[in-house]
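I went through strands, helices and a few single residues, and wrote down what I looked up in each case.

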Amino acid sequence: MKLDPRRVLIFRSVARAGSVSAAARELGWTQPAVSQHLKSLEEEVGTPLFVRYASGVVMNEAGERLLRYADSIASSLQSAESDLDELVSGAGTVRLAAFPSAMADLVPAVIGVIAEQSPAIRVKVTELEPPEALAAIAASDVDLALVFEYQDNKDDVSLATVDLGTDPSFVILPLEHPLAGRRSVPLDALSDEQWVAGCPRCRAHLESLARDAGFVPSVQHETDDFHAAQALVARTGAVTLLPGLGLKVHQRQDVVSLPVDGDRGRMLMLRHRAGAERVPAVGHVVNAVREVASSYVTAP
């Protein structure tokens, strides 16, 4: 079997767009031309790659398998383009995805370091929660993903990982709460409280800690905005669990933050495709993230 790399990339465009017509518009080609390349590719492979409907196409198992390699080819080409651009012009663009509480200060600090140390490098940032950031890496939409995971909820992905450190969790209590004067709090002491839950990943962590402590948290409010979560605690008497990274940026004067007994916090890391760090611009950004993160989290 000899696969035409150009046809594989055309197939990728159709798979990502969901229809031949949408892919043709993105590529600037005619629909019959795209259809002909798909037909030729399926003849090369020896099996159909899509189930075709009037509204578009859906990949079958063969298509899903081929898409993984197509994404890898696209990523390699993107790395080659970035690498050559760096060599030719001394500049480069690095696309970084990061979760909201990292965007509050850590990521802007990284951009500041890059602007000072490597002004020819442009960092383009997108705010994404970890699952979406990892999907963006897989689709070659970003070069680096700044993500977090918990011990009880790890991502099973075949990506290179740069461990940055641990971000501890803190219980946020109203200033007048009976436990507000303690140095730390066992979670079971809050089993009867109303809770403010965060993003799905953070809520799962809260529920896991509560389960270990022998109760199910009564979630009254949900928000992934740590400013809003603190306001809900201060105004309603509820409690919440927030990462230290968010509290470094802002903590209200009418709430207290206390460490949670037995909590290991969340692990921060950079994820990227293997070899991406060899692109000079990407390598500079990786080093800058390492440098800045060391002042925000506990060393790994």
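How many bridges join strand β6 (residues 160-167) to β12, and do the two run parallel or antiparallel? I looked this up before anything else, keeping in mind that the model is a predicted one, and I found seven bridges between β6 and β12, with the strands running antiparallel. One pair I noted there is Asp167, whose bridge partner in β12 is Arg266.

I then turned to the other pairing of β12, and found that strand β5 (residues 144-150) is joined to β12 by six bridges, again in an antiparallel arrangement. Within this pairing I saw Leu146 standing opposite Leu270 of β12.

I next asked how enclosed β12 itself is. Seven of the seven residues of β12 (residues 266-272) are buried, so the strand is largely enclosed by the rest of the structure.

Moving to another sheet, I recorded an open one of five strands with mixed pairing, in the order β9-β8-β10-β7-β11. Its edges are β9 (218-222) and β11 (255-259), each of which has a single partner strand, so one side of each is left without a neighbour in the sheet. From one strand to the next, I noted an average twist of 35 degrees.

Inside this sheet I looked at strand β8 (residues 194-197) and strand β10 (residues 239-243), which run parallel and are joined by two bridges. Val196 has Thr240 of β10 as its bridge partner. For the helices, I found that α9 (residues 226-236) packs on the sheet, where it touches β7, β8, β9, β10 and β11, and that its direction makes about 155 degrees with that of β10. Helix α8 (residues 200-213) lies across β7 (169-174), β8, β9 and β10, and runs at about 115 degrees to β10.

I also checked the cysteines, and the structure holds zero disulfides. Cys199 counts as buried because its relative accessibility is 7%, and Cys202, with a relative accessible area of 18%, is buried as well.

For helix α11 (residues 280-293) I tested the length: at 1.5 Å a residue its 14 residues should span 20 Å, and its end C-alpha atoms are 20 Å apart, which agrees. Among its buried residues I listed Ala281, Val285, Val289 and Val292.

The same test on helix α3 (residues 31-45) gave 21 Å from the first C-alpha to the last for 15 residues, close to the 21 Å expected at 1.5 Å a residue. Its buried residues include Val34, His37, Leu38 and Leu41, and just after the helix Gly46 takes a positive phi of about 95 degrees.

My last entry concerns Asp4, which lies in the segment before α1 (5-17) and is partly exposed, with a relative accessible area of 24%. Its side chain reaches the backbone nitrogen of Arg6 at 2.9 Å. I also noted that Asp4 and His37, although 33 residues apart in sequence, are 9.6 Å apart in space, C-alpha to C-alpha.

Methods:
Residues numbered from 1 in each chain as written. Predicted model: local features only at pLDDT ≥ 70, side-chain atom pairs only at ≥ 80, totals over all residues. Heavy atoms only, no water. Helix = DSSP H or I, 4+ residues; strand = E, 2+ residues; numbered from the N terminus. Expected span 1.5 Å × (residues − 1). Buried < 20%, exposed > 50% of the residue type's maximum accessible area, 1.4 Å probe, protein only. Pairing = 2+ DSSP bridges. Axes fitted to C-alpha atoms, helices over the stretch in contact; angles between N-to-C directions. Contact = heavy atoms within 4.5 Å. Disulfide = S-S within 2.5 Å. Polar contact = N/O pair within 3.5 Å; in protein donor to acceptor, adjacent residues only side chain to side chain.
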